Amino acid sequence: MIKGLAAAFLAALIVAGLILGVFHFAGILLGILEWLAGILLVGMIFVAVILFAIIFIFAVIVFFALFYYLAEKKPVVEPGQYKLDDEKGKNE
């Protein structure tokens, strides 16, 4: 039984090798794979450039917004007499 399984496995490997050899020498399989890899590579480069541009623009906007809010949102402190009675708390 083991000899039969080994023979079937060997026959499957031989047939697969022959089929791949025919495709390889005909150039069909490699041509298709090369074309598909090229399209995927161009697509990935295109998407990477677009994502970089979007993230860069967002980062520049956030950078300038940070300084705007740091400069504009200063607390107003007025001199005067402060009493604890003037404070509003949670017990009111």
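I will start with the overall picture and then go to the aromatic side chains.

This is a predicted model: local features need pLDDT of at least 70, side-chain atom pairs count only at pLDDT 80 or more, and totals for chains, interfaces and linings use all residues. Residues are numbered from 1 along each chain as its sequence is written, and side-chain values use heavy atoms, with hydrogens and water left out.

The chain has 2 helices and 0 strands, taken as DSSP runs numbered from the N terminus (helices H or I, at least four residues; strands E, at least two). Of its 92 residues, 0% are buried; buried means under 20% relative accessible area, exposed over 50%, partly exposed in between, with a 1.4 Å probe and protein chains only. The chain exposes about 9200 Å², with 77% of that from carbon and sulfur atoms.

Now the rings. There are 4 aromatic pairs, where ring centres of Phe, Tyr and Trp (its six-membered ring) lie within 6.5 Å; planes under 30 degrees apart are stacked, over 60 edge-to-face, the rest tilted. Phe 52 and Phe 56 have ring centres 5.9 Å apart and planes at 20°, so they are stacked. Both lie in helix H2, 4 residues apart, about one turn of the helix. Phe 52 is exposed at 57% relative accessibility, and Phe 56 is partly exposed at 49%. Phe 63 and Phe 64 have centres 5.6 Å apart and planes at 70°, so that pair is edge-to-face.

Which residues form one aromatic cluster? Phe 63, Phe 64 and Phe 67 do. Phe 67 lies in helix H2, residues 28–72, and is partly exposed at 45%.

Conventions: Areas by Shrake-Rupley, 256 points an atom, 1.4 Å probe, with all protein chains shown as cover.
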